Amino acid sequence: MVALLGARDEFLRIVEKEFAADIMVRGNEITLNGEPAELALAERLIDELIAVIRTGHGLTADSVERSIAMIKQATAESPADVLTQNILSSRGRTIRPKTLNQKRYVDAIDKNTIVFGIGPAGTGKTYLAVAKAVQALQAKEVTRIILTRPAVEAGERLGFLPGTLSEKIDPYLRPLYDALHDMLDPESIPRLMTAGTIEIAPLAYMRGRTLNDAYIILDEAQNTSPEQMKMFLTRLGFGSKMVVTGDVTQVDLPTGTNSGLRVVQDILEGVQDLTFCRLTSHDVVRHKLVGRIVSAYENYEGSADNHR
């Protein structure tokens, strides 16, 4: 029962706060009292949490809160299915979706050759894509992973930074290295890169290539021009899969330059074997305050647009 209620009834208090229902626990029995609609939601939640526990997955305050959010959305998908979908187990931790939209994103990657993951910072777009890439490599579905980003800087000019071209570009690729270090033995990464099994390079290095049997991720795609986006997508070779991630609210391109990620949605929406997945502030899996900040900016920008 502690697994369900939490230490010192932590999870029980979360449930009571979210639903207008009285919850009584006696031994191994749980009794609910309240309005029928609220009772139905609370009962479904408890059933879902029990289902999660029975699969061997422990609950956390975060997973309980996310289960409540999914129940209140009245979606067809089960919170238990979302929270128990393992992608990769590495270095003592398991990587899995934490929200409904994240699960839909991961499922879309499984079903399509090209997937666009569009949403604000902290929604796991790149992290989940890299996890799926490592999973595919380990399952021998591909022979290499290629991670790329446009070398567009926020407020600085690369040419004015000290160091060689590699030293200048490396900081912009660092988030991709960080994700890999979470999923692979850090000592194996240099060896895999030397062998060409993992390649991390600026987008400009993709020009003129055909990428076969590869899992290719383009990160920060909002900072591509329409021409660069077309160039990247047409690198797709046989046996390969592409995931394109970005946040159209954080474009660092020069004023007047269209974002390739914005334009491509109008061009390719509806094309077979290609899909767009959109995540929101509700899918932010960093500190809770990050989600609130993203929502506040969305509201502010929406209000500003309405007054123009």
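Q: Is aspartate 273 buried, partly exposed or exposed?
A: Aspartate 273 counts as partly exposed, because its relative accessibility is 37%. Buried means under 20% relative accessible area, exposed means over 50%, and partly exposed lies in between, with a 1.4 Å probe and protein chains only. This is a predicted model, in which local features need pLDDT of at least 70 and side-chain atom pairs count only at pLDDT 80 or more, while totals for chains, interfaces and linings use all residues. Residues are numbered from 1 along each chain as its sequence is written, and side-chain values use heavy atoms, with hydrogens and water left out.

Q: Where is aspartate 273 placed?
A: Aspartate 273 is in the loop between α11 (260-268) and β10. Helices (H or I, at least four residues) and strands (E, at least two) are DSSP runs, numbered from the N terminus.

Q: What about the phi of aspartate 273?
A: Aspartate 273 is not a glycine, yet its phi is positive, at about 70 degrees. Most residues other than glycine have a negative phi.

Q: Which loop holds lysine 140, and what is its phi near?
A: Lysine 140 sits in the loop between α7 (125-138) and β6 (144-149). Its phi is near 60 degrees, a positive value in a residue other than glycine. Lysine 140 is exposed, since its relative accessible area is 73%.

Q: Changing topic: how many aromatic pairs does the count come to?
A: The count comes to one aromatic pair. The rule is that rings of Phe, Tyr and Trp (its six-membered ring) pair if their centres lie within 6.5 Å; planes under 30 degrees apart count as stacked, over 60 as edge-to-face and the rest as tilted. The rings of phenylalanine 116 and phenylalanine 276 have centres 4.5 Å apart and planes at 15 degrees, so this pair is stacked.

Q: Which parts of the chain does the pair link?
A: The pair links distant parts of the chain: phenylalanine 116 is in strand β5 (residues 114-118) and phenylalanine 276 is in strand β10, 160 residues apart.

Q: What else does phenylalanine 116 touch?
A: Not counting residues up to four places away in sequence, phenylalanine 116 touches several residues, including Met229, Leu233, Val244, Leu261 and Phe276. Contact means heavy atoms within 4.5 Å.

Q: Now helix α2: which of its residues are buried?
A: In helix α2 (residues 10-18), the buried residues are Phe11, Leu12, Ile14 and Val15. Seen down the axis of α2, they fall within an arc of 160 degrees, so they line one face of the helix. The arc is that of the directions from the helix axis to the C-beta atoms.

Q: What covers them?
A: The cover includes α1 (2-5), β1 (21-26), α3 (36-54) and α4 (61-73).

Q: And valine 285, where is it and what is it in contact with?
A: Valine 285 is in the loop between β10 (274-278) and α12. It is partly exposed, with a relative accessible area of 28%. Leaving aside neighbours within four places in sequence, valine 285 is in contact with Arg66, Lys98, Thr99, Gln102, Gly122 and Gly124.
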